[in-house]
Structure formats: structure tokens, C-alpha cells
Amino acid sequence: MTNNVNITRMSAYDYRAQIANGEAVMLIPVGSVEQHGAHMPLGTDMMLSTTMSELTAEQIGGLVGPTISFGYKSQQRSGGGNHIVGTFGFDADTVIGICRTLVREFDRHGVKKIVFVNGHYENYQFIFEGVDLALRDLAAQGGELPRVMMLSYWDFVTPAVIERLYPDGFPGWDVEHGGVMETSLMLEYHPDVVWMDRLIDHPAAELPLYDLLPVDPSLTPESGCLSSGKVSTAEKGRILAESIVSGMVDAISSRF
Ligand code: ZN
Ligand code: MN
């Protein structure tokens, strides 16, 4: 894959040279370590947020920061639930603290344009909170504040692409966990860790309009996925990624 934009593969000397003019755009992928059924790996969310960030950074001349792998607790109605072995759910404080620290550290390095690229449904509000608290910390110190954009990558799939790839109706991004989008993107970018012969096919989960704690495990399909990835293909992954990357490029270019 593309490695020349990811700062974790650069020397400190090269990193410093790349951010020296104060104009660098830093994309920070945010994922999770979470079960994705029998056909995809625990690192699916961290891998896809990283890949979408790298493809976008290449087009805008940006950089990709360290991937946050420790995501918030999987919710039964969007990720199967945190009770499932293979899923690692971190407390909100942890996710908030990591995001808060990264904004502060990049600011200290002189990076003033930051984009959090979320790839795990449950993270979003805690990324927002971490950024908000970091800006409050920095405002108290005075000086120029960094500008920070936050997004979840699937929101950039256009309605036209959704219509084309989900001819029988779109189930919603919440139940896409382990479904056609993630599976197709993985087939295109990380095919070595997708096992289509082990995929468990079933109708999209019918979940109630409420949450329960302790969870009722019977609400989650046996597969751990909330919809079926059966009709996934690498070509669909390419179409999805084109839509996502071009939308992210436009959004970032318009603000930074
Ligand atoms: Zn996922
Ligand atoms: Mn997830």
C-alpha cells in the first residue's frame, strides 16, 4: 500500500521537514479492535480508517498520523455489542484522552490543520469531545488554535453509489457492521485477511429501538455481523473508495 504519507514510517528528520512550513494537513485514523464475524479480522476498522486516510492524504499532499486502535465500546445496535469475545471496548475517557493528547501534541509540533477520520461507528462523539477539550486547553495557553475537522468516512459515500450498490435497499450505516461496505473495501485493499468462504449469510438484523444493559445476546445475529457481506466484491470496494476519497478531498480542500 501507500506508505510515503504515513508519519509512523518516516524518520523524525523527514517528519519535521514535512511539517516545517506550518501548512501540513494531518489526517488521524480512528478505528477499533472488534469482531467482524467469521470472514474479517479484528483490525477491520483500524485498517479501513487508515487506508481511507492514506488514499485521501496522497491526493491532497497531506500526511497520516498514528492510527488510534483503541475505540469506544461496541454497541449492540451498531457493532454487535461489547459482550462478544474478540471485541475490545475502551471507556469513553480513554478515547477522549487519546484524541485530546494527539491534538495537543500535533499543535506542539506546529501542525495546525488536523482531520480525524473515524472508521468505528461508536467513536464519533468521543473524538469530538477530545478535540473540544484540547482546544479548551490550548485556548487557555493563548496563541493560535489549530483547526480540526472530524468525520466518519462512510458519510462520503454518495446517494448515487448507495443506490447502485444496494439495489434491494440500503440497510443503514449502523447495521453495515461486517456488511457489504466494509467487506468490499477489505476485498479491494486488504484481500489477504478476508475469508469469503467463511462468511455467514443472513438477513439484516432486526434490532429494537432501545438498548439494554446487561445486553440480551440473542438480539445479535450468531455471525456477529448486523448484515450480510455476501454480495461484496473488490470492484464495489473500488467504487466505494472513489466516492469516499473524492468526498473527503473536497471537504478538506474547502476548509484547509
Ligand atoms: Zn467495522
Ligand atoms: Mn466498528
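Met 26 has Leu 63 of strand 2 as its bridge partner, in a model that is predicted. Two bridges join strand 1 (residues 25-30) to strand 2, and the two strands run parallel.

**Sheet and covering helices**

- The open sheet consists of four strands in the order 2-1-3-4, with parallel pairing.
- Strand 2 (63-64) and strand 4 (147-152) are the edge strands; each has a single partner strand, so one side of each lacks a neighbour in the sheet.
- Helix 5 (residues 124-141) lies across strand 1, strand 3 (113-118) and strand 4, and runs at about 175 degrees to strand 4.
- Helix 8 also packs on the sheet, where it touches strand 1, strand 3 and strand 4. The direction of helix 8 makes about 165 degrees with that of strand 4.

**Nonpolar cores**

- The largest nonpolar core has 38 residues, and those with the most contacts inside it are Leu 27, Met 52, Val 115, Tyr 153, Met 181 and Leu 185.
- Two or more residues of this core come from each of strand 1, helix 2, strand 3, strand 4, helix 6 (159-165), helix 7 and helix 8.
- Helix 8 gives the most to this core, namely nine residues.
- Apart from its neighbours within four places in sequence, Met 52 is in contact with Tyr 153, Leu 185, Tyr 189, Ala 241, Ile 244, Val 245 and Met 248.
- A second, separate core comprises 27 residues, among them Val 30, Val 95, Ile 96 and Val 103.

**Helix 7**

- Helix 7 (residues 180-189) is mostly covered, with nine of its 10 residues buried.
- These buried residues are Val 180, Met 181, Glu 182, Thr 183, Ser 184, Leu 185, Met 186, Leu 187 and Tyr 189.
- The buried residues of helix 7 pack against helix 2 (44-60) and helix 8 (234-255).

**Zinc site**

- Distant parts of the chain are linked by the pair Asp 45, in helix 2, and Glu 182, in helix 7, which are 137 residues apart.
- Asp 45 has a relative accessible area of 3% and is buried; Glu 182, at 5% relative accessibility, also counts as buried.

**Manganese site and the metal pair**

- The protein donors of the manganese ion (ligand 2) are Glu 34 (OE), Asp 45 (OD) and His 120 (ND1), which lie 2.0 to 2.3 Å from it.
- The spacing of the manganese donors along the chain is E-x10-D-x74-H.
- Glu 34, in the loop between strand 1 and helix 2, and His 120, in the loop between strand 3 and helix 5, link distant parts of the chain, 86 residues apart.
- Glu 34 counts as buried at 1% relative accessibility, and His 120 counts as buried at 1% relative accessibility.
- The manganese ion (ligand 2) and the zinc ion (ligand 1) are 3.3 Å apart, with Asp 45 coordinating both.

Terms used. Residues numbered from 1 in each chain as written. Chains lettered and ligands numbered in written order. Predicted model: local features only at pLDDT ≥ 70, side-chain atom pairs only at ≥ 80, totals over all residues. Heavy atoms only, no water. Buried < 20%, exposed > 50% of the residue type's maximum accessible area, 1.4 Å probe, protein only. Contact = heavy atoms within 4.5 Å. Pairing = 2+ DSSP bridges. Axes fitted to C-alpha atoms, helices over the stretch in contact; angles between N-to-C directions. Core = buried A, V, L, I, M, F, W, Y, C linked by side-chain atoms within 4.5 Å. Donors = N, O, S within 2.8 Å, 3.2 Å for Na, K, Ca; no water.
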